[in-house]
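Reader: I'm new to this one and would like to learn how to read it. Can you walk me through a few features?

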Amino acid sequence: MGDVANGTGGERPAARREGAAGDRAHRQNGAEGEHIDGQDEVDSERTLRLFDTDGERAARRDEAVRAAVEQGLLGPGTPVVALLDVTGIRASAGALRRAFDAVTAPGTPVLHALAVKATPLVPVLRLLREAGIGAEVASAGELALARAAGVSPKRTVLDSPAKTPAELREALALGIAVNADNPQELDRIDALVRSATTRSPLGIRVNPQVGGGTIDALSTATATSKFGVALRDEGAREWVVRAYLDRPWLSRLHAHTGSQGMPLSLMTRGITETYELAEEINRRIGRRQIDTIDIGGGLPVNFASEAATPTYEQYARLLAEAVPGLFDGRYGLVTEFGRSLLAKHGTVLARVEYTKSAGGRAIAVTHAGVQVATRTVYAPGAWPLRIAAYDGKGRVKSGPVVVQDVAGPACFAGDLLAEGRALPLFEPGDYAAALDTGAYYFAHHYAYNSLPRPGIYGYAPGEGEMRFAVVRRAQTSEEIVAEAGGVERSGLLGL
């Protein structure tokens, strides 16, 4: 296919950093014929052999909870921690790669890039980097995290509806792929590519406007979505075609139609329309200028049970049946999955501090609430969480089930992890586990009541016992004070 990392294979003018660092970045990103799927950076045999089942994942979690209590990772002095299943994360990465390998022509360049916003943790990004997964970033901060994790620029994609000139300059200097969100941003890129050279693959994000899912706030392909160029608006489709006709260095087309609550049929329709647009543009130009299609991510997650459904295999096969030309080797592919890679592999564990009853309803007051499960607390209908009960030694709790609320520590009545759930009756010293929290629940800590960010640990079975590794240490009181302007404590007194 030529050099997909470079789009059409030649250098384009753009702003670039001065000095040796910028030169090194350009050289490392510009290797001719280099695949964008990172085969050189992953032990593919190990990854492809790694399978997992829902039952195995649940058994590892139960063992990890018991071991976390035994090893003192949580207890009266550390009443809330988060756990990440390293084995499960690796298995998900392997399942993603296998699913698309099974439907894609041999030799097709494919980049699977994690949507960093889902779990912006450097050790997780590094783990996935070793499993052959790149990074899709949407801010300077997320780019900094990806670079800290060692994700190479050629395996990084920048998407954002509000990229600043500085962010664009940095991305183009490093050779990072950029998808322009709108005509004004493309004008900015025009100015940059006239000033210097870049090896960044460049494209445009489009919105096929196929409709929304069950969660309005996450529906990115509605008629009025803020993302991309709205293809069904008057004159928009022709503007997109003309943009490619006028810019031979535009080589990618991007759409993201899925997210939680979006049916696979609608996601597939959005990708089909994006592929048809790429075909139209290439016909109009008379050559294969668009050589890579970025299909985004958005595979929904089943939060109702242990089953990890839908699967990457189901989605890839559905896409291959609906739009076979996408996989015949004429186009390189980029995916940007996030929640589906990580959600099932996270657990938030909270100690039950007190139990009480009100209005005949049992209530377990725990140390996890809105600070870690913001979406669940404020929109419980859209983001319900499964809750598991463990006793004070970390063992699965048994006994008669009782309808009860699982409450968090924040000072407002709605701070509930779950309401009216039938669970073994909690007692002080037990642990409530919020399941399927590996994506987004570690991404947007909510500092209400100055509650600290909990520590996060990865776990994996070892010889004779569960092994743990620190992902992020718990936030200290001193760090909370510093973030709250502690250094500037007297700053207002002189006004």
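Author: Happy to, and keep in mind that the model is predicted. Let's begin with a loop: Asp415 sits between strand S14 (401-407) and strand S15 (416-424).

Reader: Is Asp415 buried or exposed, and what is the nearest side chain of opposite charge?

Author: For the first part, the cut-off is what you need: buried means under 20% relative accessible area. Asp415 is buried, yet it has no salt bridge. Lys356 carries the nearest side chain of opposite charge, and that is 12 Å away, while a salt bridge asks for a nitrogen within 4 Å of a carboxyl oxygen.

Reader: What does the side chain of Asp415 reach, then?

Author: Look for backbone atoms as well as side chains. Here the side chain of Asp415 reaches the backbone nitrogen of Val370, at 2.6 Å. Setting aside residues up to four places away in sequence, Asp415 also touches Gly369, Val377 and Ala407, among others.

Reader: Now strands. Which strands are joined to S17 by bridges?

Author: Check the direction of each pair. Strand S1 (residues 80-85) runs parallel to S17, with 5 bridges joining them. In that pairing, Val81 stands opposite Gly455. On to strand S18 (residues 466-472): it runs antiparallel to S17, and 6 bridges link the two. There, Gly458 has Ala469 as its bridge partner.

Reader: How many residues lie between the strands in the hairpin of S17 and S18?

Author: The hairpin has 4 residues between its strands, and Gly464 takes a positive phi near 90° in it.

Reader: Why is S17 described as largely enclosed by the rest of the structure?

Author: Count the buried residues along the strand. In S17 (residues 455-461), 6 of the 7 residues are buried, so the rest of the structure largely encloses this strand. As a general idea, side chains in a regular strand alternate between the two faces of the sheet.

Reader: What about Ala434: which strand does Ala434 lie in?

Author: Ala434 belongs to strand S16 (residues 431-435). Its relative accessible area is 3%, so Ala434 is buried. Ala368 is 66 residues from Ala434 along the chain, and their C-alpha atoms are 8.7 Å apart.

Reader: And for the protein chain, how many helices and strands are there?

Author: The protein chain has 14 helices and 18 strands. Of its 495 residues, 56% are buried. Among contacts between residues at least 6 apart in sequence, 72% join residues at least 24 apart.

Definitions and conventions: Residues are numbered from 1 along each chain as its sequence is written. This is a predicted model: local features need pLDDT of at least 70, side-chain atom pairs count only at pLDDT 80 or more; totals for chains, interfaces and linings use all residues. Side-chain values use heavy atoms; hydrogens and water are left out. Buried means under 20% relative accessible area, exposed over 50%, partly exposed in between (1.4 Å probe, protein chains only). Contact means heavy atoms within 4.5 Å. Two strands pair if DSSP finds at least two bridges between them. Lys and Arg count as positive and Asp and Glu as negative; His and the chain ends are not counted. A polar contact is a pair of N or O atoms within 3.5 Å; within protein, one must be able to donate a hydrogen and the other to accept it, and residues adjacent in sequence count only if both atoms are side-chain atoms.
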